[in-house]
Amino acid sequence: MRKRIEQLVEELVGRFHSDDPFEIAQAMNIIVLNEPLGTIRGYYGSSFRFRVIHINQDMEPWEKRFTCAHELGHAIIHPNVNTPFLRENTLFSVNKLEWEANLFAACLLCPPEILEEYQDYTISQISALTGVREELIQLRMGRF
């Protein structure tokens with residue numbers, strides 16, 4: 001699955017000439033709404049053929065960027081999955097779905113060029129230079 005997600009991200013970046021999750025969502029006609037969500041960071045949903053990413057308006061810009069990338073991952077990899085329903089009504093573990101969306105976000109926000117450019121740096125240094133969380137860099141590097 002890792003290779004499939006990496007390839008999917010590479011194709012999207014090439015197709016839309018951007019690694020910005022907001023730009024990709026817009027180009028794919030996915031509506032991105034910033035709204036008060038309390039403790040929820042964000043979620044993806046679709047209704048009547050409208051695809052919508054909801055992002056908590058009270059987060060920092062770097063958190064919104066990650067959340068948009070993560071939810072974009074759900075929109076692309078799991079477009080018809082209703083995770084709240086799965087959590088409440090089935091024994092299906094959504095951990096795999098969340099891991100895949102995180103990997104999608106990690107691949108989008110930390111492209112191979114970044115890893116090459118900063119190959120002699122620590123994960124903490126790469127995180128500080130790119131604004132990408134350390135856990136995502138570790139996931140991107142296959143350490144999770």
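**Close-up views of a predicted model**

**View 1. Burial and overall fold of the protein.** Of the 144 residues, 42% count as buried (under 20% relative accessible area with a 1.4 Å probe, protein chains only). This is a predicted model, in which local features need pLDDT of at least 70 and side-chain atom pairs count only at pLDDT 80 or more, while totals for chains, interfaces and linings use all residues. Residues are numbered from 1 along each chain as its sequence is written, and side-chain values use heavy atoms, without hydrogens and water. The protein has eight helices and three strands (DSSP runs, H or I of at least four residues and E of at least two, numbered from the N terminus). Their order along the sequence is α-α-β-β-β-α-α-α-α-α-α.

**View 2. The largest nonpolar core.** This core (buried Ala, Val, Leu, Ile, Met, Phe, Trp, Tyr and Cys residues joined through side-chain atoms within 4.5 Å) holds 35 residues, and those touching the most other members are Met 28, Ile 30, Ile 53, Leu 72, Phe 104 and Leu 108. Among the elements giving two or more residues to the core are helix H1 (2–16), strand S3 (50–56), helix H3 (61–77) and helix H5 (95–109).

**View 3. Surroundings of Met 28.** Leaving aside neighbours within four places in sequence, Met 28 is in contact (heavy atoms within 4.5 Å) with Leu 12, Phe 16, Arg 51, Leu 72 and Ile 76.

**View 4. Helix H3.** Of the 17 residues of H3, 14 are buried, and the helix is mostly covered.

Note on methods: Buried means under 20% relative accessible area, exposed over 50%, partly exposed in between (1.4 Å probe, protein chains only).
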